[in-house]
Amino acid sequence: MPATVVVGAQWGDEGKGKIVDLLAQDSDVVCRYQGGPNAGHTIVVDGETWKLRQMPSGVVSGTQSVIGAGCVVDAQVFVDEVDLLKTRGIDPSIVVLSGNAHLIMPWHVTIDQASERRLGKLQIGTTRRGIGPTYADKASRIGIRVQDVLDAKILREKIEVALAEKNLWLERIYDVAPFDLEEVWAQYAGFAEQLAPFVGDASLLVDQALHAGKNVLFEGAQATMLDLDHGTYPFVTSSNPIASGAPTGIGIGPTRIDRVFGVSKAYVTRVGEGPFPSEIPGDDQARLRELGGEFGTVTGRERRCGWLDIVALRYAVRINGITSLALTKLDVLSDFAELPVCVRYRLRDGSETEHFPAHQSDFHHAQPVWEVLEGWRQPLDDASSLDELPRAAHAYVELVSQALGVPIELVGVGAARERVLA
Ligand code: IMP
C-alpha cells in the first residue's frame, strides 16, 4: 500500500500529527497537500514535545518531507521551523517546498485580522494567519508563489504590484496602516535566500517515489468538516483537506492513492464558530476540555467539546472514501460513567436521519439523537492491545466500527507515540 492519505475526519485537532508520525516510521516520504501555519500538530517523541505549524509531521522522524503546491507558506514560520530542526539535530535538507505553493504575505495576515474584526458577530473565527486572503489571491491569480523568490526582479515586481492595491484596501476599507515597499522588500529579499535551497518539484519527486515502490504518506493540515467545498461553509478553511485534495495538492493523479486513513477523536472538538449538534451541554464540556487538554496548539483558544457524532463521521467516510479509521484519545473518556454517542440527527420536521444534512439550515437546527453507552471508569494504561481494553471501552470502539462499516485499526490511549494500540 504505497500511497496513503491521512485525513482528519472531524473539525481538526484529531491527533493526526501523532498518527502520521507513527505511520511515517514505515514511510519514505511524507507530504502536506493543503493549508499552512493555521495547523498545529503536537507530537510527543521520547518525552520531547514538538509543535509544528508549517512542516509535515514526518520531519520529526527525519523522513523526507514535502510541502505541496496546494499549501500556503508563511516564510517566517518556515524559517523558524528549519531552525527548530537544526537545534534538534535533524538535517533540514529532508524538506522540499513546491515552487507552486503560495506565500502568505504580511498584508494577508493584516487583512485576515481586520476582516474578522469587521465581521464582528458574523466572524468565521479564523486562526488569523492570513490563510483565507492568500488563497483568495491565488484564485484571483494575483498571488505570490514560492518560486517567485528564485528571481529577485520578479519578486520585487510582484510585491510592488500587490502593495499598490493592498495598501489602498488596508487604508480605505480596513482603516489600518499601509506597508512600506522598501521594508517588505528588505525582509523578503532575506527570506528569498533562506527559502531558495528548499524549492523543488514536489510532483515529480512524489511520482518518482511511487514508481520506485516507496511508501508515501499524504497528510492534510486541516480536516473534513473544514473543507472549503464539503465542510460546514462558511465556517471552514480556504482549501481542500479532504482526501481528494491530496492528489490535487501534490500534483499526481487520483488513481495513485491506495488507501485513506481517517483520524477521529473518540469525542469531537471544534474551534471557531458554527453549528455543532453534539456539543456537550453543561459542566461536562469544561470537564472534558480539561481532561483532554483541549486548547488550540496555535492560538491557545478553548476548543468546544462534543460527544462523538456518528452522523458527521459517516459523512467523512463518504466524502473521503475512508478505508480504515484511527480513534484517538479514548483514554480521555475514562472518567465518565455514561458516554452519549450521537447516532442520528432529528430535523426540524421531526424526522430522523443517519446522513449529514445537505442544507445548512437543516444542519443548523439538527438535534442529536443519543445512544448512551456505559463508561469503563478505569485508566487504559495497562492495555497493550485492543483486546486488552476493558469490556465497555471495547464496546465503544466496536459501536463506531459497526455504525460506519469501517475497520478501526488504531486506538490512541495516551499522548506518547507508543500509546497507540493496533
Ligand atoms: P483559517 O484556516 O485560519 O482561515 O480558519 C478557518 C476555520 O478553520 C476556523 O474555524 C479555524 O478555527 C479552523 N481551523 C483552521 N486550522 C485549524 C486546525 O488546525 N485545527 C482546527 N481548526 C482549524
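We'll visit the ligand, then a pocket.

First, some ground rules: this is a predicted model, where local features need pLDDT of at least 70, side-chain atom pairs count only at pLDDT 80 or more, and totals for chains, interfaces and linings use all residues. Residues are numbered from 1 along each chain as its sequence is written, and side-chain values use heavy atoms, with hydrogens and water left out.

**Stop one: the ligand**

Now zoom in on Thr 127: a polar atom of its side chain sits 2.6 Å from an oxygen atom of the ligand. Asn 38 has a polar side-chain atom 2.9 Å from a ligand oxygen atom. Click Asp 13 too, where a side-chain N or O atom is 3.1 Å from a nitrogen atom of the ligand.

**Stop two: the second largest pocket**

Next, select Gly 231, Thr 232, Tyr 233, His 359 and Gln 360. Of the 18 residues lining the second largest pocket, these lie nearest its centre. (A pocket is an open set of points on a 1 Å grid where a 1.4 Å probe fits, with protein on both sides within 12 Å along at least five of seven lines; lining residues have an atom within 4 Å of a point.) By class, the lining has nine nonpolar, seven polar and two charged residues.

Notes. Nonpolar A, V, L, I, M, F, W, Y, C, P; charged D, E, K, R; others polar. Polar contact = N/O pair within 3.5 Å; in protein donor to acceptor, adjacent residues only side chain to side chain.
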